[in-house]
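Welcome! Take a look at the structure below, and then let us walk through it together, one part at a time.

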Amino acid sequence: MIKACNHLTKLYGKPNGWSLEAYEREGGYRAARRVLTEMTREQVVDEAKKANIRGRGGAGFPMGVKWSFMPKQSTKPAYLAVNADESEPGTHKDRTIMEENPHSAIEGCIIACYGIGAHTAYVYVRDELHLSKARLWGAIKEARAKGYLGKNPFGKDYAIDIVVHTGGGTYICGEETALLNSLEGRRGEPRLKPPFPAQTGAFGCPTTVNNLETVAIVPTAFEMGGEKFSQLSALHDIKDGGCRLFGVNGHVKKPQIVELAVGVTLRELIYEIGGGVTGDRALLGIIPGGSSTPPLLPDETLHAPDEKSPMHKFHGKNVLDVPLGVDTMRAAGTMLGTCCVTVMAEGSCPVLAMENLMQFYRHESCGQCTPCREGSAWLHRTVAKILDGEGSMEELDQLHDIANNIMGNTICAFGEGTAMPALGFLKKYRKDFEKYVRGERTRRDASLVVT
Amino acid sequence: MPFALSADRERELNEILTRYPTKMAATIPALHLLQDQEGWISEEMMIWLAHRLDVSPAHIKGVVTFYTLFNQKPAGKHQVWVCRTLPCALRGAGDVITHCEKKLGIHVGDTTKDGKVTLRTAECLASCGTAPMMQVDEEYHENLTFERIDEILEKLQRD
C-alpha cells in the first residue's frame, strides 16, 4: 500500500530548504528541545525502542535496542558515529537528506547523543559528496550559533558537538568497524567482533554507529511519539515501524527517491512510483536494496517456514506483492538492505550484470581476508572468461564453490555481500550463463542497456 | 624547496586537529588538504605529514595507498570520474565512458597531453536515481546526455 509521507522530504526542492530558518518553520528542533529539557536518558532509549526504527543502512537492526547497548556508567567518553558513507551500488537516499534537509540529521544527532550518553558525534561522509559535506557543516554552524550545539544546548548542562569527517573513496568504510578505523585515521579495514562498538568503538571508547537516515528520522519519531510513529507502518506488528526513504533506479521510467510508510510493495514501487519498466518491457529481475542483496525473479513466491511464523500471512504470495520490510525480504530469500530498488528489464543480460558487480567487489575488497580478496577477483575473472566464450561448465560450477568458500569465512559481512548476490545470479540465471559456455550467445550480443 | 603547507591550509590543519582526541585521526582530512594544494601526494609530503602528526611514515603511506582518491603521481588539472557500476551501467554508463574517451582522445586512467584532464571510472557515487552521471572535480553532473558531456568536457579543455 502506498502511503506517502513528507517528514524528511517536505523541505526538498524548497528555496533554502536546507537552512535552519526553513527547518524551524516546519517545527524543527522542537523534539530535541523537549528531549533535552524534559526527558531522562532512559526515557529517550525507551521512546526510541517504541518507534521500531530498523536501521536504514542495510542490516535492519532495531535502533532503540542498539542505543540500549551503550554502557550506563563508563569512565571513558562515548561517541556517536553516523554512517553517511553511502557507497552501496543502487543506494542514493542519504545524499538527498544531507543536501536538502541537513538539519534533520543534526537534530537527530542531538537526540541520539543524549540517549546514548555521548557528547560528540562524528558524521562520516564519503569525500565525493562535497555538497553534502558543505550543507552539513553549514547546518552545524547555524545550530552552534543558535546555541543548539555547544556547552549548553537548549539551556541544558549537557555539551554536544558534531564533526563532519571524510573518507577517501572506499566502499568498505561503510562497514561499521572499518568506518571506525577510518575515523581514527587508519586504513579502512574491518575489525573483529567482539568487542562490539558499544564496548570498544571509536578511539577505544563506547560508540554507537547509526546510518544517517536512521538518525535523521529520529526527530520525527520523537515529535509524533514512538508508538504513533511506528504505527505509520503496515508492518508495525512485526516491529518494522514508521516511514522511510524508498529509491527506485535502473530500468524504470521515473527513477527517484520517495518517502513512504513502510508497507509499500515492489510492484507499487516499480509500476506506480517508478512509472513502470523502461519500454514497457517485462521484468528480468529486481535487486531489492543495494547490490549486496540477492536478486529476485518476478515470478518468485514467499515461503513462510510454518504456520506460527509471522510471515505466514504472506505465504505463497508473489514477492512483488509482499510489503517491503526487513523480515519479509529475509523470508523471500534476499534482504531489504538500503531499500533502494534496482530494476533490470528483459533484454538486459544478467551475466553482464554479475560481471559488473563482481568487478565492483574485486575493486573494493579491503584485502585483509584471503577468501574475500582472492575470491572476489576469482569470481570476476571467471565470469569475464565465460562472457568471452572461453569458460567451461566446470568453471561455471566452480563459481558456486568460490562463492560458498567466501561465506562465513571473513572478518566482516563484505564477504557475504559479495557471495550472496553471486550465488543469487548463478542460481536464478543459470540458463543465461550456460548459453555463453555453449557459444549460443557472445559478449558482442549482450547489453545492459534497454530502450 | 622542502614541502610546506600554505598559511591558510596550516590554519585549517590546526583547526582539524582540535576535532579529535588523537592526532592520527587527522590523517585523512590532512591528506585531502595536502592533495588540494599539490594535486597529488609525494613521498616527501608523506614524511612531512608523519612528522606533523607524530605517526610513522609507513602509517601515512599505508593510508595513502588504501584510499582511491589519493593520487600517488601527478594528475591532470581536472579530475573526471565516470560512474561505471551497475545502476549507471543499466542506463548507459558504458557509452558515456566510450564517448569521453573519444572526445578527450585518451583511455580511462590517462591524462590528456596538455595535462588538463584525467579520466577515470568510479565505483558507485550514490547517484543511481539520476544515472548516468560523472563527477568533475567537486561537482556532480547527473542525467547525462552526449550533448551535455561535450559541453562539460569542452569547458575543461578550454580552461
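## Getting started

What you see here is a predicted model. We begin with the overall build of chain A, follow one of its strands, and then turn to a sheet in chain B.

## Chain A as a whole

Chain A contains 18 helices and 8 strands. Its C-alpha trace spans about 75 × 45 × 45 Å along the principal axes. A compact globule of 451 residues would have a radius of gyration near 22 Å, and chain A has 22 Å, so the two agree.

How much of chain A is buried? Of its 451 residues, 59% count as buried. The contacts tell us about the fold as well: among those in chain A between residues at least 6 apart in sequence, 72% join residues at least 24 apart.

## A strand on the inside

Now find strand β1 of chain A, residues 79–84. Because 6 of its 6 residues are buried, this strand is largely enclosed by the rest of the structure. In a regular strand, side chains alternate between the two faces of the sheet. Here, Y79(A), A81(A) and N83(A) point one way from β1(A), while L80(A), V82(A) and A84(A) point the other way. All of these residues are buried.

Which strands pair with β1(A)? One is β2 of chain A (residues 120–125), which runs parallel to β1(A) and is joined to it by 6 bridges; within this pairing, A84(A) has V125(A) as its bridge partner. Another is β4 of chain A (residues 207–211), also paired in the parallel sense, over 5 bridges. There, N83(A) has N211(A) as its bridge partner.

## The sheet in chain B

Over in chain B, 4 strands form an open sheet with mixed pairing, in the order β2-β1-β3-β4.

Strands of a sheet pair through backbone hydrogen bonds, either parallel or antiparallel. In chain B, β1 (residues 78–83) and β3 (residues 134–136) run antiparallel and are joined by 3 bridges. For example, V80(B) has V136(B) in β3(B) as its bridge partner.

Methods:
Residues are numbered from 1 along each chain as its sequence is written. Chains are lettered from A and ligands numbered from 1 in the order in which they are written. This is a predicted model: local features need pLDDT of at least 70, side-chain atom pairs count only at pLDDT 80 or more; totals for chains, interfaces and linings use all residues. Two strands pair if DSSP finds at least two bridges between them. Helices (H or I, at least four residues) and strands (E, at least two) are DSSP runs, numbered from the N terminus. The radius of gyration is taken over C-alpha atoms; the globule rule is 2.2 Å times the number of residues to the power 0.38. A residue is buried if 20 or more other C-beta atoms lie within 10 Å of its own, exposed if 12 or fewer, and partly exposed in between; C-beta atoms are placed from the backbone. Two residues are in contact if their C-beta atoms, placed from the backbone, lie within 7 Å.
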